[in-house]
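Dear colleague,

Please find below the structure that I am handing over to you. My notes on it follow directly after.

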Amino acid sequence: MNLSAKRLNDAMVWFWKLLSSRNTGIVLLITISLLLLIGAALPNPSLMPRVEAIKLKFESPLLYQLGENFNSIKLGKSYIFAFIGLLLITSTTFCSVDRVLKRMSTRKSAISNQPSFRKSKSLSLPKNAPGVAENISSLIQAKSWKTTDWTDNEKRIILARRGDVGFWGSIFFHAILISLLIGIVVYHVSAFYGAVRISEGQTIKLTKDSLTSISRMPVFGIKLPPLAFTFNTFSAQYDDQTATDFTADFNIADLENDRQWKEIIKINRPFTYSGIDFLMTVQGYSPNFVLYKNGTPVVDTVVALDFDQDLRDTFDIDDHGLHVVAQFFPDMERNSEGRVSTKSRIPNNPYFGIEVYQQGRQVLRKLIGKGEGGSFGPYTLEFHDLHHWIRLNLVKETGIGFFFLCAMIGLVGLVIRIVDPEEQMMASIENADEGCRVDFYHSARHFEGLLEETVDEIITSLRKSANPQ
């Protein structure tokens, strides 16, 4: 073998040992666990109330940035996490193959080639002791062990083992773990997260351009189902001032199959189509404003407002150079001093405080209710009606369901391994002029002390049979 071939062979052996090492798998598992632990300890601004998120951003900007970029949800969706999972798949696969190969090689190999065996006890018997090998085999088999014997360098070798079912249960668990990790990698390659905002009375054809946001796109892209959503009505149920249920009524059409149907989507009941879950996550209000110029309607628009903590948002009417600031009072009331506030978030008496700017100059500031308006120059802006808007999150998580299914099935293999632990025992019988010498070796992944007690019992029985009273 030339030098380059030897180096290649050494590199392959090193690579095999690295990937098949249990320590490698443990390090990778610890790495994943630490990443998730750190992510779980950090605040996630996207899951916090908006007021608290803004407060955190101003009071602890570094913590806010760390939480925004390294929270557990973001880490779990990151490609680094998928890469570590891929390494763990490879390591677990190599480890399983290595274990099976070693298991097969122990059946007829010299004791010196079995580093997992540990010498436990030795026994000397009289030269004329009857049927030593047969006695050892019988004693071992009486304890429900399987035995194999052969001759190696004038030594009689008896190999006993049990836990075959447990061993294959362990391999089964590894196979399930590999499948589980493959599911995670599939998820990272194919996961899709997007969102669409739609107002009552609006029809949206589902395309990439109609999505308001895409937070994650599959590696090989995605083909959205050819659906058209018509948002009919939205309703909410309240317990006093607290919302207890939200319902959105849709007409949905499959544009390719020319099929239409009605669909009810609730907070806890998403709509699923072509492997994509459509989840209603956020609800807001879409006022219908009509802009008149010289008494003639020139703009009739429904604006999906996304309010801040003061229930404010802005929008532009570009064709007429107008910038509008709108503050919402869902259940408007006035105090004794004439100040305006809202009694609740339920739109029992909706009003908007309107500020209109034209070329940077404020031209209107007025509180208007339904059917009311405010005039400036040749224009009148009227609050005509109030609609709802909702945000549908589009989620495709191929492999996640498979992940949890594999986790449950894998527990079966783990239980089998615990119930039937893997143990091996080896006896080396050597005849000499002065007598018969028996060396016992054993190997156990668990409960090694119990295995040593079994060896002691066999030795005691052998001495009694060799030296009957």
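How many bridges join strand β14 to β17? Eight bridges join β14 (residues 322–329) to β17, and these strands run antiparallel. Two strands pair if DSSP finds at least two bridges between them; strands (E, at least two residues) and helices (H or I, at least four residues) are DSSP runs, numbered from the N terminus.

Please note that this is a predicted model, in which local features need pLDDT of at least 70 and side-chain atom pairs count only at pLDDT 80 or more, while totals for chains, interfaces and linings use all residues. Residues are numbered from 1 along each chain as its sequence is written, and side-chain values use heavy atoms, with hydrogens and water left out.

The chain has ten helices and 22 strands. Of its 469 residues, 41% count as buried, where buried means under 20% relative accessible area, exposed over 50%, and partly exposed in between (1.4 Å probe, protein chains only).

The pairing of β14 and β17 belongs to an open sheet of four strands, in the order β13-β14-β17-β18, with antiparallel pairing. The edge strands β13 (312–317) and β18 each pair on one side only. Within this sheet, Val324 has Val356 in β17 as its bridge partner. On the pairing with β18 (residues 361–369), strand β17 (residues 351–358) again has eight bridges, and Ile354 stands opposite Lys366. β17 and β18 form a hairpin with two residues between them, and Gln359 in the turn has a positive phi of about 55 degrees.

In the loop between β16 (340–342) and β17 lies Ser344. Ser344 is buried, with a relative accessible area of 10%. Its side chain is joined to that of Asp331 by a polar contact of 3.3 Å; such a contact is a pair of N or O atoms within 3.5 Å, and within protein one must be able to donate a hydrogen and the other to accept it, while residues adjacent in sequence count only if both atoms are side-chain atoms.

The structure also holds 17 aromatic pairs. The rings of Phe229 and Phe250 have centres 5.8 Å apart and planes at 85 degrees, so this pair is edge-to-face. Rings of Phe, Tyr and Trp (its six-membered ring) pair if their centres lie within 6.5 Å; planes under 30 degrees apart count as stacked, over 60 as edge-to-face and the rest as tilted. Phe229 and Phe250 are both buried.

Yours sincerely
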